[in-house]
Amino acid sequence: MAADTVTEVFEEHRSVLMGVAYRMLGRVVDAEDVVQDAWLRWSGADRSEVRDPRGYLVRVTTRLAIDRLRQVQTRRESYVGPWLPEPLVTDFGSVAQDGAQRAVLADSVSLAVLVVLESLSPLERAVFVLREAFGYPYGEIAVTLDRTEAAVRQLANRARKHVEERRPRYDVDPDERRDLTERFLAAAAEGDLERLLSMLAPDARLVGDSGGKSRAPLRVIESADKVARFLCGVAHKGTGGVTTFEFLEVNGGVAVLARDDGAPDAVFQLDVADGRVQRVYLIRNPDKLISLR
């Protein structure tokens with residue numbers, strides 16, 4: 001296979017490999033490292049024996065991601081404060097015209113689901129990602145993980161049950177989510193306690209991720225009253241050097257990117273269900289905002 005063909009084949013499947021690696025790891029930089037390692041394996045492989053390049057590349061990427069996940073899980077045990085995935089800019093509206101397909105893609109990469117996936121074992125997470133997000137048959141997953149199909153089915157059932165029991169319920173209607181996000185952001189900026197309370201579900205939670213490197217709550221804030229009062233307190237203290245807010249699609253849903261003199265300062269996203277805010281995600285770890293520069 002000519003060198004240019006080798007590169008073309010890999011680039012054809014790069015987006016799928018990034019999709020697998022990011023859902024496995026929850027960090028763009030780690031996913032990029034895994035995909036780069038997959039490229040090195042691909043470029044040095046005996047490709048005369050590779051009948052299915054996509055299958056081969058997904059298999060290599062998945063195994064590399066499992067190894068990387070086992071490494072980073074140790075680091076996350078000493079992480080300062082709550083951990084959230086690194087925000088990933090998405091545009092599912094342009095790649096999936098069917099609403100149901102967009103919903104599946106958005107759900108599989110949502111912050112809510114990725115947080116739950118953190119509590120799975122690496123093998124369970126790999127099976128869940130390949131089966132639920134990419135629709136791979138159990139037989140192919142078994143080959144990828146070097147397990148029997150029966151074992152893979154068992155892993156899949158256990159992972160699916162775990163995710164269903166723990167994932168927060170939320171609506172995926174983009175217009176409703178955008179409207180509520182705009183109104184919620186305005187109320188938070190003005191420190192309007194009553195308006196915030198009217199938009200928050202009684203058991204709403206705020207999860208802030210700073211990694212100990214910027215200002216954000218080091219514990220999850222629970223209940224509408226506490227979340228609203230925290231946001232009002234932030235408004236009264238001022239937002240520092242934050243000068244602009246912009247809307248973008250992050251992890252399949254509308255989010256707000258706050259910039260401080262042009263540099264990313266925070267990503268703010270809501271989970272919405274029944275017209276109320278269920279979860280508030282605030283990502284301020286500067287290491288997780290590098291890709292948004």
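Reply: Glu86 counts as buried, because its relative accessibility is 2%; buried means under 20% relative accessible area, exposed over 50%, and partly exposed in between, with a 1.4 Å probe and protein chains only. This is a predicted model, in which local features need pLDDT of at least 70 and side-chain atom pairs count only at pLDDT 80 or more, while totals for chains, interfaces and linings use all residues. Residues are numbered from 1 along each chain as its sequence is written, and side-chain values use heavy atoms, with hydrogens and water left out.

Glu86 sits in the loop between helix 3 and helix 4 (92-95). Helices (H or I, at least four residues) and strands (E, at least two) are DSSP runs, numbered from the N terminus. Leaving aside residues up to four places away in sequence, Glu86 touches Tyr22, Gly26, Arg27, Val28, Val29, Asn251, Lys288 and Ser291; contact means heavy atoms within 4.5 Å.

At 35% relative accessibility, Pro286 counts as partly exposed, and it lies in the segment after strand 6 (276-283). Again leaving aside residues up to four places away in sequence, Pro286 touches Ser210, Lys213 and Ser214. Pro286 and Ser210 are 76 residues apart along the chain, yet their C-alpha atoms are separated by 7.6 Å.

Next comes helix 3 (residues 53-76), whose axis comes within 10 Å of that of helix 7 (residues 122-133) and crosses it at roughly 140 degrees. Axes are lines fitted to C-alpha atoms, for helices over the stretch in contact, and angles run from 0 to 180 degrees between N-to-C directions. The angle makes helix 3 oblique to helix 7, because under 35 degrees counts as roughly parallel, over 145 as roughly antiparallel, 65 to 115 as roughly perpendicular, and the rest as oblique. Among the residues that meet are Val58, Ile66 and Leu69 in helix 3, and Leu123, Ala126 and Leu130 in helix 7.

Last, the nonpolar cores. A nonpolar core is a set of buried Ala, Val, Leu, Ile, Met, Phe, Trp, Tyr and Cys residues joined through side-chain atoms within 4.5 Å. The largest has 67 residues, of which Met24, Trp42 and Leu117 touch the most other members. Helix 1 (residues 3-25) gives the most to this core, with 11 residues. A second, separate core of 22 residues includes Leu196, Met199, Ala224 and Ala228. In soluble globular proteins, nonpolar side chains tend to be buried together.
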